[in-house]
2 protein chains.
Amino acid sequence: MAGLNIMQTLSEENYLKIIYHLDKQGLKKITPTAIAEALNNNPASVVDMIKKLVEKKLLQYEKTKGVKLTEKGKDIAVLIVRKHRLWEVFLLEKLGYGWEEVHDIAEQLEHIQHAELADRLDKFLGLPKYDPHGDPIPTASGETAITYKTLLADMDEGKNCKVVAVKDTSPAFLQYLKKLDIGIGTKIQLIEKIPFDNSMVILIGKTTRATVSKIFAENLVVNEL
Amino acid sequence: MAGLNIMQTLSEENYLKIIYHLDKQGLKKITPTAIAEALNNNPASVVDMIKKLVEKKLLQYEKTKGVKLTEKGKDIAVLIVRKHRLWEVFLLEKLGYGWEEVHDIAEQLEHIQHAELADRLDKFLGLPKYDPHGDPIPTASGETAITYKTLLADMDEGKNCKVVAVKDTSPAFLQYLKKLDIGIGTKIQLIEKIPFDNSMVILIGKTTRATVSKIFAENLVVNEL
DNA sequence: TATATTTATTAGGCTAGACTAATTTTTAAA
DNA sequence: TTTAAAAATTAGTCTAGCCTAATAAATATA
């Protein structure tokens with residue numbers, strides 16, 4: 001994690017972040033056009049910025065392979081993502097913000113610069129592993145847990161999925177799962193999302209209908225069917 | 001407090017803030033040169049920005065009277081100061097940052113935009129009245145009136161008080177405080193005032209006795225218990 | 001393979017916000 | 001009141017980061 005101390009501009013940081021995300025999303029070739037679309041700006045602008053970031057050794061670019069973050073560039077991107085997700089936890093848990101509100105504020109907070117900030121915040125929040133949207137929070141050393149899809153964040157009404165894991169492993173949660181007859185492999189259909197409190201109505205297996213809370217849904221790791 | 005919802009640029013916000021501070025410091029005529037000095041930039045740049053802010057109805061400017069914040073401009077400035085000081089409290093109390101470190105980070109955090117942010121943060125912190133440097137935190141409605149009490153000026157022999165802030169934030173002073181084991185919240189009893197040189201004998205916590213100078217005592221902001 | 005289409009790149013503009021240098025206005029001193 | 005000094009203003013540059021339009025290159029299709 002060297003060189004994170006050299007301040008990047010807001011714009012540079014946003015480019016690094018978006019490239020990181022595109023990569024994480026599995027895009028094999030990250031092109032200027034793809035970046036422009038993700039940033040909602042112009043490919044010509046992107047080409048300029050790519051040059052600048054290559055110059056700064058934060059990116060590599062070969063027209064055949066597209067854009068790739070260097071180690072240094074990746075470290076910066078991961079730190080931004082880490083800060084973003086930590087701030088989201090803070091806004092939700094400490095300031096009582098809602099689910100939908102935290103992202104936009106975290107977009108601003110993720111750019112706050114100070115060497116120890118992320119680690120101090122992390123500690124203050126009790127070293128959370130996931131942000132309120134179910135995305136894993138990179139650790140201080142930059143490791144990112146596998147990105148899970150959760151019932152809450154990744155499923156839409158009418159979709160079918162299969163339970164592949166749980167995030168929370170507390171007895172209380174596991175017991176509740178047992179009661180609902182949900183286990184690894186159980187098929188679930190999302191019937192209705194209730195925006196008010198992010199709860200949802202689901203169909204468990206073929207016949208059992210249940211209404212489950214936001215907290216429940218974000219702890220259920222699923223694969224879409 | 002109307003119109004705070006129209007986003008200002010970072011630079012605009014910094015101008016409004018500095019003008020607010022110059023006014024608070026008692027500068028009767030706030031000139032382009034004074035602003036340029038405070039911002040460490042060029043008077044020519046300041047003239048440009050003044051025009052822009054007058055245009056936006058955030059400032060009034062008459063060459064004879066200098067610059068003045070409009071109601072709207074002042075509301076924005078106060079909110080920035082409020083956010084700055086609240087974030088300083090957060091950084092010190094929740095993240096464990098030192099006195100000297102919080103200012104620079106708060107300079108960044110004060111620009112985070114969200115309607116409810118200041119109020120939510122305020123509530124989360126327990127509605128603090130002072131920031132760690134002893135400056136009063138403007139209330140939600142923009143009042144900044146509170147004059148602080150110092151150990152020197154406002155305490156009498158036998159009285160108990162609690163340290164709420166410091167005025168001087170020089171390393172020398174902060175180091176001395178550390179040595180005496182005085183921090184935010186430390187309880188102090190005034191045992192004896194020595195009229196000769198305005199020094200005083202105090203009891204720090206339960207057992208530690210110390211004699212402190214006038215200069216020391218006037219830099220310690222306290223609340224009477 | 002030749003052609004059409006999509007993508008990348010270059011060239012040239014634009015705006016915000018800074019700067020320098022030159023000029024005008026204001027203030028202070030003789 | 002005249003002159004000297006300081007402050008304000010104007011004019012013209014510069015950079016970052018965006019834009020559009022034009023061109024070049026790559027990819028896909030006939």
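**Close-up views of a predicted protein–DNA model**

**View 1. Domains of chain A.** Chain A is divided into domain 1 (1-147) and domain 2 (151-224), with bounds that come from an automatic or database domain assignment. The C-alpha centres of domain 1 of chain A and domain 2 of chain A lie 29 Å apart. This is a predicted model, in which local features need pLDDT of at least 70 and side-chain atom pairs count only at pLDDT 80 or more, whereas totals for chains, interfaces and linings use all residues. Residues are numbered from 1 along each chain as its sequence is written, and chains are lettered from A and ligands numbered from 1 in the order in which they are written.

**View 2. The surface near DNA strand D.** Of the 18 residues around DNA strand D, those that come nearest are T9(A), N42(A), A44(A), T31(B) and T33(B); a residue is near a strand if its C-beta atom, placed from the backbone, lies within 6 Å of it. At least two residues each are supplied by α1 (10-24) and α3 (43-55) of chain A and by α2 (32-39) and α3 (43-55) of chain B. Helices (H or I, at least four residues) and strands (E, at least two) are DSSP runs, numbered from the N terminus. The most is given by α3(A), with five residues. By class, this surface has six nonpolar, seven polar and five charged residues, where Ala, Val, Leu, Ile, Met, Phe, Trp, Tyr, Cys and Pro count as nonpolar, Asp, Glu, Lys and Arg as charged, and the others, Gly among them, as polar.

**View 3. The surface near DNA strand C.** DNA strand C is surrounded by 19 residues, of which T31(A), T33(A), T9(B), N42(B) and A44(B) are the closest. Two or more residues are given by each of α2 (32-39) and α3 of chain A and α1 and α3 of chain B. Here α3(B) gives the most, with five residues. The residues divide into six nonpolar, eight polar and five charged.

**View 4. The contact between chains A and B.** In this interface, 13 residues of chain A are in contact with 13 residues of chain B, contact being defined by C-beta atoms, placed from the backbone, that lie within 7 Å. On the chain A side, α5 (102-109) and α6 (117-124) each supply at least two residues. The largest share of that side, four residues, comes from α6(A). Its classes are seven nonpolar, four polar and two charged residues.

**View 5. Packing of α1(B) and α4(B).** Helix α1 (residues 10-24) and helix α4 (residues 71-94) of chain B pack at an angle of about 90 degrees, with their axes 9 Å apart. The two helices are therefore roughly perpendicular to each other, a term for angles of 65 to 115 degrees. Residues of α1(B) in this contact include L16(B), I19(B) and Y20(B), and those of α4(B) include I76(B), A77(B) and V81(B).

View 6. I35(A) is found in helix α2 of chain A and counts as buried, with 23 C-beta neighbours inside 10 Å. Leaving aside neighbours within four places in sequence, I35(A) is in contact with I18(A), I19(A), I30(A) and V46(A). N40(A), in the loop between α2 and α3 of chain A, counts as exposed, with 6 C-beta neighbours inside 10 Å. A residue is buried if 20 or more other C-beta atoms lie within 10 Å of its own, exposed if 12 or fewer, and partly exposed in between, with C-beta atoms placed from the backbone. Phi of N40(A) is near 60 degrees, a positive value in a residue other than glycine.

Note on methods: Two residues are in contact if their C-beta atoms, placed from the backbone, lie within 7 Å. Axes are lines fitted to C-alpha atoms, for helices over the stretch in contact, and angles run from 0 to 180 degrees between N-to-C directions. Angles under 35 degrees count as roughly parallel, over 145 as roughly antiparallel, 65 to 115 as roughly perpendicular and the rest as oblique.
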